[in-house]
Structure formats: structure tokens, C-alpha cells
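Keep the coordinates open as you read.

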Amino acid sequence: GGYGRSFFRPQNASGDLLNLVLAASLTALAAILTNRIVAMGIGLWFQVPALLLLGLLLFLDVVQIPFYYRIYEHGSSLLDGVPFFQKLARRDWSKTTLGKWAKPWGGFGVMLVSALPTFGGGIWSAAFLAYGLGLNRRVGYAWIFLGSALSYVTLYWIMDTLLRTLRYFIH
């Protein structure tokens, strides 16, 4: 048995690998299309090994960081002719509610925003905040990475415990 593994019950070693690739692919797809909680839940449900699961999800977060920085640095030039976007590009983002909250915290605030597993938190918001606060790019990347890692390890611990408890009472 297992919680969910019976759905992909392998008959041989090559089947195990195929099932692992399928489970990891579904997890990655969920990470791209939904959020951390859903992706972690799918990975745990299909019993993707912890190191692979955490590594995969963290990798998918990390590859987004340069993309978002690029958007913040150069994206406004695409919309130079639109006054609304010109105003947004010149705005001091450290004076927004999130910026006011995070500015005294600096990189630690960026890490906390990066660690939020809900909509409004995560890589997009943390990169936006790091850029808006003027953090050095490498320092910003490191804080965002730490927040993402903290989030995934915490989610893994909580959700794995819940699924194991559920499995205990079901079986």
C-alpha cells in the first residue's frame, strides 16, 4: 500500500522508474501552473523521494529569479509609450505597504516574502521586492533562494506528517 502509490503500482524495476518520472512530471506541472502547496501535495501523494521532490521544486523556483529580475529591469521599456506604465516604472516601490514593511528587514524581509506559500508570496513577489529595495542582485538571489528552501522544507514536514497520519488511520 501507500497513500496514492497503489494508483501507479509498478510490476517491475523499469515500471518504478517510469512511475517516478510521471510523478515528478506531474509535480513539476503543478508547481508551474498552481502553487507550492498543491505541488508539494502531489509530490507527496505520489511518493516522489524527498530529495528529488525538494530539489525539483526548489530548482523550478530558482530558475524564475533571473526572469523576474529581467522583467523588472527592462520590462518597462516595452511599455514606454503608456503613461500609466511610465508612472509605475518611476514609482518608489520601497514606499508601498509591502516595501515599508520589508525595508527595515532588508534581505530577511525578502526571504520571508519568498517563503510565503500562498498567492502574493513566493518568487515573483520576493524578486519584485528585492529589486524595489535595490538589493544587490546576488544578495537578492541568495535571500530569495533561502526563503524558497525554507518554505519547501517546512511544507514537506507539515504535509508529509499530515499524509502519514491520514494513511495510518485509513489503513
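A nonpolar core is a set of buried Ala, Val, Leu, Ile, Met, Phe, Trp, Tyr and Cys residues joined through side-chain atoms within 4.5 Å. Keep in mind that this is a predicted model.

Start with the largest nonpolar core, which has 15 residues. Met40, Leu44, Leu53, Leu57, Tyr152, Tyr156 and Met159 have the most contacts inside it. The largest share, five residues, comes from α9.

Now pick out Leu53. Setting aside neighbours within four places in sequence, Leu53 is in contact with Thr27, Met40, Gly43, Leu44, Val48 and Tyr156. Apart from the core already described lies another, of 13 residues. Tyr69, Val110, Ala126 and Ile144 are among them.

Next come the helix pairs. Two packed helices are described by the angle between their axes and the distance between the axes.

Take α2 and α9. They pack at an angle of about 50°, and their axes are 10 Å apart. The crossing of α2 past α9 is right-handed. On the α2 side, the contact is made by Arg36, Ile37, Met40, Gly41, Leu44 and Trp45. On the α9 side, Ser148, Ser151, Tyr152, Leu155, Tyr156, Met159, Asp160 and Leu163 take part. By class, the residues of this contact divide into nine nonpolar, three polar and two charged.

Helix α4 (residues 64-74) also packs against α9. Here the angle is about 135°, with the axes 11 Å apart. These two helices are therefore oblique to each other as well. Again, α4 passes α9 in a right-handed crossing. Ile65, Pro66, Tyr69 and Glu73 of α4 meet Arg137, Gly140, Tyr141 and Ile144 of α9. That contact has five nonpolar, one polar and two charged residues. Tyr69 and Ile144 also belong to the 13-residue core.

Finish with α7 (residues 107-115). How many of its nine residues are buried? Seven are, and the helix is mostly covered. The buried residues are Gly107, Gly109, Val110, Met111, Val113, Ser114 and Ala115. They pack against α2, α6 (97-102), α8 (123-132) and α9. One of them, Val110, is also in the 13-residue core.

Terms used:
Residues numbered from 1 in each chain as written. Predicted model: local features only at pLDDT ≥ 70, side-chain atom pairs only at ≥ 80, totals over all residues. Heavy atoms only, no water. Buried < 20%, exposed > 50% of the residue type's maximum accessible area, 1.4 Å probe, protein only. Helix = DSSP H or I, 4+ residues; strand = E, 2+ residues; numbered from the N terminus. Contact = heavy atoms within 4.5 Å. Axes fitted to C-alpha atoms, helices over the stretch in contact; angles between N-to-C directions. Parallel < 35°, antiparallel > 145°, perpendicular 65-115°, else oblique. Left-handed = near helix turned anticlockwise from the far one by under 90°. Nonpolar A, V, L, I, M, F, W, Y, C, P; charged D, E, K, R; others polar.
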